[in-house]
Protein chains: 2
Amino acid sequence: MIKTAKVNHTLRPLDADEQRLAQMLKALGNPVRFHIVQVLAERKMCITGELVEFTTLAQSTVSQHLKVLREAGLIEGEVEGPATCYCLNEAGIRWLKERIGGWLAGCCGDAAAAAPSDGDPACCK
Amino acid sequence: MIKTAKVNHTLRPLDADEQRLAQMLKALGNPVRFHIVQVLAERKMCITGELVEFTTLAQSTVSQHLKVLREAGLIEGEVEGPATCYCLNEAGIRWLKERIGGWLAGCCGDAAAAAPSDGDPACCK
DNA sequence: AGGTTTTATCGTAAAATTACGATATAAGGA
DNA sequence: TCCTTATATCGTAATTTTACGATAAAACCT
């Protein structure tokens, strides 16, 4: 329950890209889902049942996790008979990498633009 | 309550780097914390009270969120009098970017190594 | 010394997430 | 047709996370 009495100064609404990034990070922020995408990267593709075998969770739980990853645009599934075969969503992963690479600009600026005077730049100076 | 009866095949334990990455993703997977790091990137530094003003949350809540970010290695705080001044942890952010950049290798291979025969590569082929 | 500001931490309630079993549905086989 | 396999979804319980108020402690000021 968020108090509305406090004036919200600068927390501007997230634009579409930021929302997408936040959704991806949230999806990956769960240990099981973190694992799943790694497994998919290694194996290239898995059917639901295989992922169920890899984890120690119920099939329904894995299915839910897959849904979160799917909706975040990190994986995609193709129905093959009664099974569903999942793999990473390459476009989504690429987007994530590019987005993170440019995220929080001004923090890790170009080495040419930011010449560290010390090996240990002061935190709050 | 995770069932232990199921054989855990290939979910190998995460190594230290993977654990660190998972922790960072988890920290960033919360909307408030996502916002905080963006604010810190824009403003370079903030004291706790300022971040409290930016959000609509209680001070104690913000403090908790800051703790999660701090422990994940994404921000750092320096005590100045009664206040604490926070900024992004540049080394941690840089590490995150590099790690994400190389994560899930084999998925977004080099364009030279993976020549797409179609504009829309099959998912589970 | 007393008062004010600031904040991290604690305890707890509320909210959100994750886990599970049940089940309907689709696909495939005998 | 019946049976089996596979899975997404639903309802719900369990667990975790997030929110809040209270408070102790540190720093600063009068």
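Colleague: What percentage of the residues of chain A count as buried?
Modeller: This is a predicted model, and a residue is taken as buried when its relative accessible area is under 20%. Of the 125 residues of chain A, the share that count as buried is 42%.

Colleague: In what order do the 3 strands of chain A stand in the open sheet?
Modeller: Chain A has 5 helices and 3 strands, and along the sequence these follow the pattern α-α-β-α-α-β-β-α. The strands pair in the antiparallel sense, with β2(A) and β3(A), residues 83-88, joined over 6 bridges. Because β1 (46-47) and β2 (75-80) of chain A each have a single partner strand, they stand at the edges. The order in the open sheet is therefore β1-β3-β2.

Colleague: Which helix lies across β2 and β3 of chain A?
Modeller: Within that pair of strands, A:Val79 stands opposite A:Thr84 in β3(A). The helix lying across both strands runs at about 120° to β2(A), and it is α4(A).

Colleague: How are α2(A) and α4(A) oriented to each other?
Modeller: The axes of α2(A), residues 31-43, and α4(A), residues 59-71, come within 10 Å and cross at roughly 70°. Where they meet, A:Val32, A:Arg33, A:Ile36 and A:Val37 of α2(A) face A:His65, A:Leu66, A:Val68 and A:Leu69 of α4(A) in contact, and by class these comprise 6 nonpolar, 1 polar and 1 charged residues. Since angles of 65 to 115 degrees count as such, the two helices are therefore roughly perpendicular.

Definitions and conventions: Residues are numbered from 1 along each chain as its sequence is written. Chains are lettered from A and ligands numbered from 1 in the order in which they are written. This is a predicted model: local features need pLDDT of at least 70, side-chain atom pairs count only at pLDDT 80 or more; totals for chains, interfaces and linings use all residues. Side-chain values use heavy atoms; hydrogens and water are left out. Axes are lines fitted to C-alpha atoms, for helices over the stretch in contact, and angles run from 0 to 180 degrees between N-to-C directions. Helices (H or I, at least four residues) and strands (E, at least two) are DSSP runs, numbered from the N terminus. Angles under 35 degrees count as roughly parallel, over 145 as roughly antiparallel, 65 to 115 as roughly perpendicular and the rest as oblique. Contact means heavy atoms within 4.5 Å. Ala, Val, Leu, Ile, Met, Phe, Trp, Tyr, Cys and Pro count as nonpolar, Asp, Glu, Lys and Arg as charged, and the others, Gly among them, as polar. Buried means under 20% relative accessible area, exposed over 50%, partly exposed in between (1.4 Å probe, protein chains only). Two strands pair if DSSP finds at least two bridges between them.
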